[in-house]
Amino acid sequence: MKKEEKTNVLRVLDGKKIAYESHAYEPDATLTGEEIAGILGEDAACVFKTLVTQGKSNQYYVFVVPVREELDLKKAAKAAGEKSIAMIKQKELLPLTGYVHGGCSPIGMKKQFPTFLHETAGDLEKIFVSAGRVGLQVELATEDLRKVVNCKMADIVTGRMEE
């Protein structure tokens, strides 16, 4: 078995002496977050995606939300103190963050942007986020993620219809 190459995410976690477990799977950019959770054998509520946005002020922001949820741009703008926020174009992701679409992680970006973690993560002991490339997830304690990326907790996903 070949030694797994370290991504920037894993190097950052190693450097900060944070315990984690990496989970590799067949890289496939067409997989949904829920499908990835299934491959990992985990509840999709523990698996989060990383979204990069730009505010009206031109400041960039990172939002980490459960894979089955959608980012609410109005709530995101409010959390960031912006008038409005928009998703960045896919082609801007790699030069800005150092990560490709599907492999973007809140950990180890080229530059640390203000980062917001959906409030449901506060109820989780562990969280899964991309480990910096398609086909690799990292599992770590939610508190450790919050320490490493210094993120704020916020209600940033679209509301569900009440039944």
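Student: In β7, which residue is the bridge partner of E21?
Tutor: The bridge partner of E21 in β7 is E139. Please keep in mind that this is a predicted model.

Student: How many bridges join β1 to β7, and which way do the strands run?
Tutor: Strand β1, residues 20-24, is joined to β7 by five bridges, and the two run antiparallel.

Student: And how many bridges join β6 to β7?
Tutor: Six bridges connect β7 with strand β6, residues 126-133, again in an antiparallel arrangement. Within β7, L136 stands opposite R133.

Student: What happens in the hairpin of β6 and β7?
Tutor: Two residues lie between the strands of that hairpin, and G135 adopts a positive phi near 95° there.

Student: Is β7 mostly covered or mostly exposed?
Tutor: Strand β7, residues 136-141, is mostly covered, as five of its six residues are buried.

Student: Moving to helices: which residues of α2 are buried?
Tutor: Helix α2 spans residues 33-40, and its buried residues are I36, A37 and L40. Viewed down the axis of α2, these buried residues fall within an arc of 105°, so they line one face of the helix.

Student: What do they pack against?
Tutor: The buried residues of α2 pack against β1, β6 and β7. Just after the helix, G41 has a positive phi of about 70°.

Student: Which residues are buried in α5?
Tutor: In helix α5, residues 142-149, the buried residues are T142, D144, L145, V148 and V149.

Student: New topic: what is the volume of the largest pocket?
Tutor: The volume of the largest pocket is about 520 Å³. Its lining consists of 26 residues, and those nearest its centre are K49, T50, L51, H101 and G102.

Student: Which element gives the most to that lining?
Tutor: Strand β2 gives the most to the lining of the largest pocket, with five residues. At least two lining residues come from each of α2, β2 and α4 (90-97).

Student: Where does T50 lie, then?
Tutor: T50 belongs to strand β2, which covers residues 48-55.

Student: Why is T50 counted as buried?
Tutor: T50 has a relative accessible area of 11%, and buried means under 20%.

Student: Which residues is T50 in contact with?
Tutor: Apart from neighbours within four places in sequence, T50 is in contact with V62, F63, V64, C104, S105, P106 and M109. As for C104, its backbone oxygen lies 3.4 Å from a polar atom of the T50 side chain.

Student: What does E119 touch?
Tutor: Not counting residues up to four places away in sequence, E119 touches M153, A154 and D155. The C-alpha atoms of E119 and A154 are separated by 5.1 Å, although these residues are 35 residues apart along the chain.

Note on methods. Residues numbered from 1 in each chain as written. Predicted model: local features only at pLDDT ≥ 70, side-chain atom pairs only at ≥ 80, totals over all residues. Heavy atoms only, no water. Helix = DSSP H or I, 4+ residues; strand = E, 2+ residues; numbered from the N terminus. Buried < 20%, exposed > 50% of the residue type's maximum accessible area, 1.4 Å probe, protein only. Polar contact = N/O pair within 3.5 Å; in protein donor to acceptor, adjacent residues only side chain to side chain. Contact = heavy atoms within 4.5 Å. Pairing = 2+ DSSP bridges. Arc of directions from axis to C-beta. 1 Å grid on protein atoms, 1.4 Å probe; cavity = no way out; pocket = protein on both sides within 12 Å on 5 of 7 lines; lining within 4 Å. Points joined across faces, edges and corners; volume = space filled by probe spheres on them.
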